[in-house]
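Hello,

Here is the structure I promised to pass on. Please look through it first; my notes follow below.

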Amino acid sequence: MRAVIASGAGGPDVLSVGDVDEPVIGPGEVLVDVVATAVNRADTLQRQGFYPVPPGGSEIIGLECSGTIAEVGPDVDGWSVGDEVCALLTGGGYAARVAVPAGQLMPIPPGVSLVDAAALPEVACTVWSNLFMVGGLRPAERLLVHGGAGGIGTMAIQLATALQARVFATAGSAEKLSVCADLGADVTINYRDDDFVEVLKAEGGADVILDNMGAKYLARNVDALATSGRLVIIGLQGGTKAELDIAALLRKRGAVIATALRSRPVEEKAAICAEVVEHVWPLVADGSVVPVIHARLPLSEVAGAHQLMEDSGHVGKIVLTL
């Protein structure tokens, strides 16, 4: 079958499309004919050799997909050959077929095309699990989203707005700030010109911060928290090591939480997918939340898609079609 192959760790040029063996499904799994997948920041890190595959995971890049079920394994209920689905993956999405634990399958939300549904699983599961299941975001609370115009950011703004939180979003250009505002952000902050800490302090602080920067923003994020605020770190674009002022955290009675989705057990990911179907898909169905897609490119242009991601000029998701 066709799949993206990496000739080694390196830049986007190490990626090409070639032939590999088809996956074999086991009990509790289904085989999906992939129609589309999407590029995530983690994919670029894996390509560079910085994001090891969890034990038992596919070495093929790709954390989400959409397509149709080609085969159903033993001990699978509720799914049939031919069903249209999207899926949260541990890996393997950049391929014509992928084996998926049945609990990580989700139906295509009403009103979304099969191709565009590939842009939803990773961001919907990441945002729902971190903002609501872990961060406990409640209506009327203040949320700060870093990187509001990216895939995670565009989903976070929409979900938090739909659930009546007050949203602050950072971005690095007027165009991206405009996108954040159009999606529902109450306050937009140009991180090149403005200090998000001062903006949030003037509003009483952030009850929840969704952070993809890690070390670079740690001290400032703690400073921007409200009393009993929760800082949820989901990325390390700004490094891995920083000094934490515990006294400042104590004064806020705050929490710093670091989470990862890919390495969670299958049962936990299945529980997250079930909550997404219950709570997020209705918002997609009624138009409150939409997949924001910057580009749809054929799988053969995977190297260009990775370069587009790394250049950070995109808004929303980059989809790869098969």
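The buried residues of α3 are G151, G153, T154, M155, A156, I157, Q158, L159 and A160. Buried means under 20% relative accessible area with a 1.4 Å probe, protein chains only. Helices are DSSP runs of H or I, at least four residues, and strands are E runs of at least two, numbered from the N terminus.

This is a predicted model, where local features need pLDDT of at least 70, side-chain atom pairs count only at pLDDT 80 or more, and totals for chains, interfaces and linings use all residues. Residues are numbered from 1 along each chain, and side-chain values use heavy atoms, without hydrogens and water.

Nine of the 12 residues of α3 are buried, so the helix is largely enclosed by the rest of the structure. Q164 follows α3, with a positive phi near 70°.

The largest cavity has a volume of about 50 Å³. A cavity is a set of points on a 1 Å grid, over the protein atoms alone, where a 1.4 Å probe fits but cannot get out; lining residues have an atom within 4 Å of a point. α3 supplies the largest share of this cavity's lining, four residues. Among the lining residues are G151, T154, M155 and Q158, along with V290 and K317.

The second largest pocket has a volume of about 420 Å³. A pocket is an open set with protein on both sides within 12 Å along at least five of seven lines. Of its 30 lining residues, G56, G57, S58, T90 and A99 are the closest to its centre. β6 gives the most to this pocket's lining, with five residues.

Best wishes

Notes: Points joined across faces, edges and corners; volume = space filled by probe spheres on them. Buried < 20%, exposed > 50% of the residue type's maximum accessible area, 1.4 Å probe, protein only.
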